[in-house]
Every structure is written in C-alpha cells, then in structure tokens.
Amino acid sequence: TTSIVDAIDPPPSDAEGDSQRGSDSEGMSEEDSETLPIGESDTDPESDTADKDTDDGASDEEASDEEATDDSESGDSETPEDTGDTRDSEDFPRSGWKAAPVGAYHSCALDENNKLFCWGANHYGEAGNGNRDELVYAPTSIGAISWKQIAPGNDYTCGISMENDLFCWGRSFWGQTGTSQIYTNDGVHVPTPVEAGSKWNYVATGIEHSCGIKLDGTLWCWGNNYSAQLGLGNFGEPQSRPVKVDTDISDWKQVDVAYQYSCAIRSSGELYCFGFLQDEDLHTKHLKKTPELYFADARWKSIALGVDYRCGVLKDDGLYCFGTNGDGQLGDGTRTVLYKTLERIGNEEWKQIAAGDMHTCGVTRKGELFCWGYQQGGRLGNGKNIKEHALTPQKIGNETDWHSVSVGKWHTCSLDNFG
C-alpha cells in the first residue's frame with residue numbers, strides 16, 4: 001500500500017492540552033489457471049509494483065537501480081516528470097494539521113477546519129486542483145468540502161466528506177475512482193461524487209482498485225478485478241462503480257487494499273482477505289474470490305497492507321506481520337517470508353501501523369515513531385540513504401509526541417500532537 005492509509009483520530013487541540021503504481025494489464029480469462037507459481041504470471045510486468053514479490057530475499061531496487069528513473073507510458077516513473085510549476089501556492093497552514101496521509105507519489109493533509117490540501121505528482125489529476133501533467137510543489141487548497149477521511153492511492157485519491165459522501169479523483173483507467181470513467185488515462189481532475197446518495201464510513205485506495213465501507217457496515221469494491229481483488233466471487237472484468245462484496249457480513253469496520261488483494265476487519269476483530277494471495281505452502285498463490293478468514297483465533301484492531309505483506313495491531317496492542325520479507329519489512333529481524341504463524345514483533349504497544357512497498361512505520365502508545373525495511377531514499381527517516389535493510393523497528397529521534405504516520409513509495413510523513 002502504497003500505503004495505503006487513512007486519517008485516524010485527530011490530535012487534541014491546544015485547548016485540550018497541546019493537542020495510502022498503476023499498470024494497464026489485460027484481464028485474466030476464465031481459462032487461465034487460478035493457481036499460479038510465484039515469479040511466473042502472478043504479476044503485471046508493466047506495474048511498478050509487479051516485481052516486488054521478494055520471496056528470494058533480493059530487493060528489486062538492489063537488482064535494478066536504473067529502472068527507478070525509467071518513464072513508462074502509464075506515468076508510473078519513479079521520478080515524476082517535472083512538467084509544470086505551481087510554487088506560487090504558499091497560502092497553507094504551517095501547523096494545526098489533523099491528518100497527513102500520502103500516496104505513492106503525492107501527499108494530502110487536512111487542516112484544523114477539515115479542509116483539504118494536496119501536493120506532489122499530478123499526472124492524472126490526483127492532486128485534485130483541476131489540472132494535470134504537472135507537479136504541485138506546495139500544499140494547495142482543494143475546494144470547499146469539509147472532510148473526515150482522505151485516502152491517497154497510487155495516482156488517484158478518494159475521500160469521505162463530513163456529510164459521509166464519497167468522492168474520488170485522479171487516474172481511472174481501471175475504474176478505480178468509481179466515477180464511471182474507465183479505459184482512459186484522461187483522469188478525473190477534481191473531487192467527483194461516487195454513487196451519489198450513498199453514505200460511507202471508510203474508504204481505502206491502492207493501485208488499481210478501491211474498497212469502502214458504507215454506514216450500514218456493508219463492504220463495497222471497484223476497479224480492476226484481474227486478481228479477484230474486488231471479492232465478487234469472480235475475476236476478470238473491472239468495475240467502474242462500487243459493487244457489493246460477495247458476503248452476507250455487514251459489520252465491517254476497516255478495510256485496506258494493495259496491488260492484487262484486499263483485507264478487511266469485522267467489528268469482532270476477525271480478519272478476512274480476498275484476491276491473489278499467498279498460501280501457507282509458500283510456493284503458489286491462489287485466487288480467493290470471496291473473503292476468507294485468516295488466523296481464526298486472532299482479533300485485530302487495525303491492518304495495513306503492503307506489497308504482498310501485511311502488518312497490524314492485535315487486541316493486545318502488539319505488532320504482528322506476515323507475508324514476503326525480502327526487505328525486512330516485517331520487522332522480525334530476518335528477511336525470511338512468514339505466513340504460517342503470527343508472532344509478536346518486539347514488546348512495544350502500538351497505536352498505528354503504516355505499510356508501503358518496502359518499508360513499514362508505526363507509532364507506539366507512548367508516542368514514539370519507528371520505521372524499518374529498505375533504507376534507500378531516506379524513507380525511514382533515520383538519517384540513512386543506503387541500500388541496506390533495517391530488519392527491526394528503528395526508533396526515529398527521541399520525541400514522544402508523535403500522533404500518526406503514513407508511508408508512500410519513496411517517502412514518509414508523520415504528524416506530531418501539535419499538528
């Protein structure tokens with residue numbers, strides 16, 4: 001996920017005491033096998049996350065640094081092309097932010113009045129300022145809507161207003177904005193209503209698909225369904241509007257999505273996942289077309305999806321991760337895949353976790369910030385920009401007033417309790 005993250009409870013105000021990659025792959029036919037060997041046809045070769053399954057322990061970035069600057073037709077280059085300059089946008093708050101979720105190459109934030117600002121890559125209108133094909137260099141105000149949650153994805157963004165209305169904008173080739181636009185890279189350039197009249201509680205964005213929870217607790221998904229990641233009981237045809245997930249469960253409380261799969265937590269704390277997922281034998285992935293229960297005895301508070309790995313907080317406030325681990329993103333001190341068991345990582349009690357492509361970050365109950373995984377690009381915030389791995393959570397600074405953290409593909413943002 002990209003991280004794939006959402007706004008959590010806002011920091012307390014001063015008066016209260018100082019206060020998260022796209023690819024134009026073709027659909028899988030019904031004749032295609034639903035059980036595929038790892039490393040063969042389980043990923044899209046054009047996606048900038050397709051080659052991130054690192055079961056053999058080798059980092060994709062170590063193997064091919066040159067690819068980091070290659071431009072692709074889909075616009076998913078590691079370094080977005082500088083085709084415009086909006087540096088004159090200097091009218092934005094320097095403090096008082098409530099949330100700062102990030103996408104793969106762009107970031108957004110909510111100010112103290114729940115107004116939205118975005119900046120960064122804007123090739124498909126994902127910054128929401130009405131333009132495209134430019135970089136937005138500073139936080140830029142996006143309309144007059146008041147927001148309760150913002151979820152930037154790979155090259156698009158979704159959010160829920162204070163009135164519980166869902167809006168999306170940005171790239172929509174696979175219908176991932178849910179606005180009916182599909183099979184075009186024109187993009188949706190401003191926040192656009194999704195299924196007007198419906199009321200939403202939560203939304204999650206990924207690379208080519210999105211999922212959301214309505215106020216009635218039902219789970220809905222839209223976008224690419226090549227890997228059954230929409231949970232509709234089938235695979236292949238993308239959906240440009242929200243479609244209800246094939247389940248009778250109606251007490252969902254959180255959902256997150258990654259490149260080829262989705263996971264959601266019920267009010268009971270049970271975790272369900274669907275899409276193209278690794279099995280315990282580690283040798284194959286299978287299409288799980290509807291939600292399947294994972295680790296039946298575990299009760300989760302939250303879940304964050306990375307590229308083929310998952311990290312979350314259980315009821316004991318402990319950190320638990322499973323999946324691929326070639327960059328040390330599980331934080332268990334190794335680079336070995338972990339699927340069959342859940343093991344608590346460290347002794348800290350955690351408030352929030354954010355998972356990305358090759359690194360993970362989290363905020364503890366004590367307000368400490370930790371990051372781990374691949375260190376190139378300075379994404380861990382530990383002062384290092386090296387092709388090495390931090391295999392266990394690394395404390396970032398000595399501060400104990402961190403509120404939340406969000407991770408993108410190459411960058412990380414975190415808010416302290418002062419916003």
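Author: What follows concerns aromatic pairs and charges over rings.

Author: This is a predicted model, in which local features need pLDDT of at least 70, side-chain atom pairs count only at pLDDT 80 or more, and totals for chains, interfaces and linings use all residues. Residues are numbered from 1 along each chain as its sequence is written, and side-chain values use heavy atoms, with hydrogens and water left out.

Reader: How many aromatic pairs are there by the rule?

Author: The count is 13; rings of Phe, Tyr and Trp (its six-membered ring) pair if their centres lie within 6.5 Å, with planes under 30 degrees apart counted as stacked, over 60 as edge-to-face and the rest as tilted. Trp97 and Phe117 have ring centres 5.3 Å apart and planes at 85°, so this pair is edge-to-face.

Reader: Are Trp97 and Phe117 buried or exposed?

Author: Trp97 is buried at 11% relative accessibility, and Phe117 is buried at 6%. Buried means under 20% relative accessible area, exposed over 50%, and partly exposed in between (1.4 Å probe, protein chains only).

Reader: What about Trp174 and Tyr183?

Author: Their pair is edge-to-face, at 6.3 Å centre to centre and 75° between the planes. Trp174 is buried at 5%, whereas Tyr183 is partly exposed at 45%.

Reader: Changing topic, which ring does the charged end of Lys214 sit over?

Author: That of Trp220, 3.6 Å from its centre; the criterion is NZ of Lys or CZ of Arg within 6 Å of the ring centre and within 35 degrees of the ring normal. The charged end of Arg171 sits over the ring of Tyr124, 5.2 Å from its centre.
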